[in-house]
Amino acid sequence: MFGGISQGEQAQGSGRSLARIAILSDLPRKELALLSTECEWREMTREEIVLASSAGDVLEGVVFVVAGTVRLARPNGLTGQVDYLDVAAGGQFGEMAVFGIPDPDLTVVARQDGLLAILPQTRFEELLTREESVSRALLFQYAHRLRSGRDAEPNGGPSSDGDLSGEQRVYGELISLAEPRAGDEDKPGGLFVARLPRHRELASRLSTTEEVVARAIAGLVRDGVAVREYPGLFIRDEQILRHLYENKSHR
């Protein structure tokens with residue numbers, strides 16, 4: 001299922017429980033205990049690439065995030081950018097395959113040390129058919145995501161490109177272009193733009209000037225938010241970059 005993972009460890013020891021998984025919260029303890037024994041258990045470390053479809057990893061079940069947080073990265077065919085979704089402890093991913101919606105380009109990176117439990121797809125399908133509480137919880141979860149996206153408040157972030165300064169549009173584009181990079185002995189983990197477009201290309205794409213693009217990127221490097229790794233750009237502090245993007249009074 002996941003590259004480089006040995007046969008799944010059975011539920012045992014501290015923390016090997018599905019009791020805190022949101023969509024399973026109404027199941028009896030005995031059912032949760034049975035499901036735990038049917039899961040493959042997988043520990044993860046911060047910045048580890050848990051799943052890389054591009055490297056041949058295959059997701060063959062539903063993954064419950066028992067502890068920690070993971071980031072899902074998917075290319076958006078409409079925009080050419082990458083969409084990100086963080087799944088915290090209590091959440092899950094991979095269930096869309098049950099409804100015939102594959103996720104062939106998915107990359108999953110651990111944002112924190114944690115623990116995953118992988119339930120075979122056939123077992124999850126049976127669970128949805130038999131347990132109304134699980135199906136209902138899943139529907140409520142999707143409805144909440146849809147409503148959150150539709151009703152997002154303007155002050156929760158920039159409402160449109162027209163509300164952004166040129167520098168903010170640069171910050172937003174860098175966030176879109178960046179992908180998670182696992183750390184190693186030579187390079188730290190974090191967000192990384194593998195090939196930073198030329199200033200002229202970014203300026204044209206973002207309806208601003210080359211001077212604005214150069215000033216924005218130089219400012220990030222000067223302030224330690226980013227580091228040039230030619231031909232790319234390493235984002236050292238994603239939180240500050242997102243803050244700069246979302247707040248008009250950033251300078």
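This is a predicted model: local features need pLDDT of at least 70, side-chain atom pairs count only at pLDDT 80 or more; totals for chains, interfaces and linings use all residues.

Residues are numbered from 1 along each chain as its sequence is written, and side-chain values use heavy atoms, with hydrogens and water left out.

Taking a salt bridge as a side-chain nitrogen of Lys or Arg within 4 Å of a carboxyl oxygen of Asp or Glu, the count comes to 18. One of them pairs E38 with R123, whose closest N and O atoms are 2.9 Å apart. This pair links distant parts of the chain, 85 residues apart, with E38 in helix 1 (residues 29-38) and R123 in helix 2 (residues 121-130); helices here are DSSP runs of H or I, at least four residues, numbered from the N terminus. E38 is partly exposed at 29% relative accessibility, whereas R123 is buried at 12%, where buried means under 20% relative accessible area, exposed over 50%, and partly exposed in between, with a 1.4 Å probe and protein chains only.

In the second pair, R42 and E48 have their closest N and O atoms 2.8 Å apart; R42 is buried at 8%, and E48 is partly exposed at 22%.

R242 is partly exposed at 26%, E238 is buried at 13%, and because they are 4 residues apart in helix 7 (residues 238-246), about one helical turn separates them.

Finally, salt bridges with shared partners join E31, E38, R123, E126, R130 and E131 into one network.

How values were computed:
Helices (H or I, at least four residues) and strands (E, at least two) are DSSP runs, numbered from the N terminus.
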